[in-house]
Amino acid sequence: MKQHSIAVGLSHAMLAAPEWAFDPLMDACGRALGARPGWLWPLVDGILDVYRRPPRDAHRELARWIEASTAFRGAIEAAREAGRSIALAHLETVPASMGPTPLTVPSIAGLGELADFLGVSAGQLDWLTDTAHFNRRTPRGRLHHYSYDWLARPGRTPRLLEVPTPRMRRVQRRVLGEILTALPLNDAAHGFVPGRSAVTGAAAHAGAETVITLDLQNFFARVAARRVYSVFRQAGYPEAVAHALTGLCTHAVPPWVGARMPVGGSLEDRLALKQAISGSHLPQGSPTSPALSNLSVRRLDTRLNGWAAASGAAYTRYADDLAFSGEGLRGRAAATFIAGVARIVLDEGHLLNESKTRISGRGARQSVTGLVVNDGVAVDRPYFDELKAILHNCAVHGPHGQNRAQHADFRAHLLGRLAWVESVSPSRGVRLRREFDRIDWS
């Protein structure tokens, strides 16, 4: 007895009813079943209690509710004991629709419209979304949507870069530019957000009595597909569209990639990372992943904001770096506060990297995302001194012998580090810029 198919058929029948009311829904279900058995009365009553409006963009959710309902399960069990079967006499087709939303996202009611929006054919959309995980199960080859590069980190767990193909990257950038940038974020988020930065996040903690910093473990890899799906559903997209968009923006890594993980990190951390990347997650290297990582933890940010506010503390997050500051966060109070943060983080599907937890009082160096915040926001002195020495040696001895880390574009690398200092401390940036201008790159 295919009870799931019956539940789906009843959900379609209800959503095709001319009015979302008891009699029209009873008529629709009776037509679908070819009869109006007594168990339909409590079923329809229960649905009208739960859904005050027809969930036209969530027929699968409605089918799951029907299948789990007491009335439906009782009918299935009674039919089984009597040696009878419940069958569908008629199946309705529910037109796709996108529910009303206050957000300024493009209206995409079905998979055909999604394919048109992304500029691909229906077949290409099915291939790119890969909701059946064919990429994970097939050998290496041109049909894969990602290439992989392990970054070894001495003494630490390696990091996996999952780089999308040009075709996939083009589609993902459309999703990022047209959909994700229109969705609201929590004010605590400062990473990957226009107008915000590590500087704005650190500034919220400048001059605080105590600063506590924590780190989320395997941040992108632990953002599961169900979280991403929720982002698109909350944006107002129908189930099928949200499911396809989730497939475009998440990825499950083939087993052979995990088998190539280089050495580094504890056995427990390595196993945790392998498990995370083997399921559908945000790939680190995709243009949509930074924005989706912020959107997927909006509830985490809200809860941590509330936890911090209850202790009179401030909270910001830059990607996987959590920062709190305030008075009275010392000793036992700090331990209790961090334990509360850990409970919230775990409840939201993430883990803290305990080795990176730091508690800094006024008498110590207080750092948030690599910036010193004891008095205002400043570049870390050792970082500044190191960059100043490199620029000076480049100016005196030439740049080619100073590229000890073998950067592919050493000039661009130095310019990036210089721009970072200039954005934090313009006066120090001026001094470094003078040294950089002295370098002969010929």
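Predicted model: local features only at pLDDT ≥ 70, side-chain atom pairs only at ≥ 80, totals over all residues.
View 1. Residues are numbered from 1 along each chain as its sequence is written, and side-chain values use heavy atoms, with hydrogens and water left out. Strands E1 (residues 146–153) and E2 (residues 156–164) run antiparallel and are joined by 7 bridges. Strands (E, at least two residues) and helices (H or I, at least four) are DSSP runs numbered from the N terminus, and two strands pair if DSSP finds at least two bridges between them. The hairpin formed by E1 and E2 has 2 residues between the strands, and Gly-155 in the turn has a positive phi of about 80°.

**View 2. Leu-161 lies in strand E2.** Leu-161 counts as partly exposed because its relative accessibility is 25%; buried means under 20% relative accessible area, exposed over 50%, and partly exposed in between (1.4 Å probe, protein chains only). Ser-147 is 14 residues away from Leu-161 along the chain, and their C-alpha atoms are separated by 8.1 Å. Leaving aside neighbours within four places in sequence, the contacts of Leu-161 (heavy atoms within 4.5 Å) are Ser-147, Tyr-148, Asp-149, Leu-151 and Gln-284.

**View 3. Ser-286 is found in the loop between helices H14 (267–278) and H15 (289–296).** With a relative accessible area of 4%, Ser-286 is buried. Its side chain makes a polar contact of 2.9 Å with the side chain of Thr-288. Such a contact is a pair of N or O atoms within 3.5 Å; within protein, one must be able to donate a hydrogen and the other to accept it, and residues adjacent in sequence count only if both atoms are side-chain atoms. Beyond the neighbours within four places in sequence, Ser-286 is in contact with Glu-162, Pro-164 and Gln-172.

**View 4. Four strands form an open sheet in the order E4-E5-E3-E6, with antiparallel pairing.** The edge strands, each pairing on one side only, are E4 (314–318) and E6 (358–361). Neighbouring strands are turned by 15° against each other on average, direction ignored; axes are lines fitted to C-alpha atoms, for helices over the stretch in contact, and angles run from 0 to 180 degrees between N-to-C directions. Helix H17 (residues 331–347) packs on the sheet, where it touches E3, E5 and E6, and its direction makes about 30° with that of E3.

**View 5. Strand E3 is mostly covered, with 6 of its 6 residues buried.** Thr-210, Ile-212 and Leu-214 point one way from E3, while Val-211, Thr-213 and Asp-215 point the other way. In a regular strand the side chains alternate between the two faces of the sheet. E3 (residues 210–215) pairs with E5 (residues 321–326) in the antiparallel sense over 6 bridges; Thr-210 stands opposite Gly-326, and Ile-212 opposite Phe-324. E3 and E6 also run antiparallel, joined by 4 bridges, and Val-211 has Ser-360 of E6 as its bridge partner.

**View 6. Phe-324 is among the residues that touch the most other members of the largest nonpolar core.** A nonpolar core is a set of buried Ala, Val, Leu, Ile, Met, Phe, Trp, Tyr and Cys residues joined through side-chain atoms within 4.5 Å. Leaving aside neighbours within four places in sequence, the contacts of Phe-324 include His-205, Ile-212, Leu-304, Tyr-315, Phe-337 and Val-341. A second, separate core of 29 residues includes Leu-10, Ala-17, Leu-62 and Ile-76.
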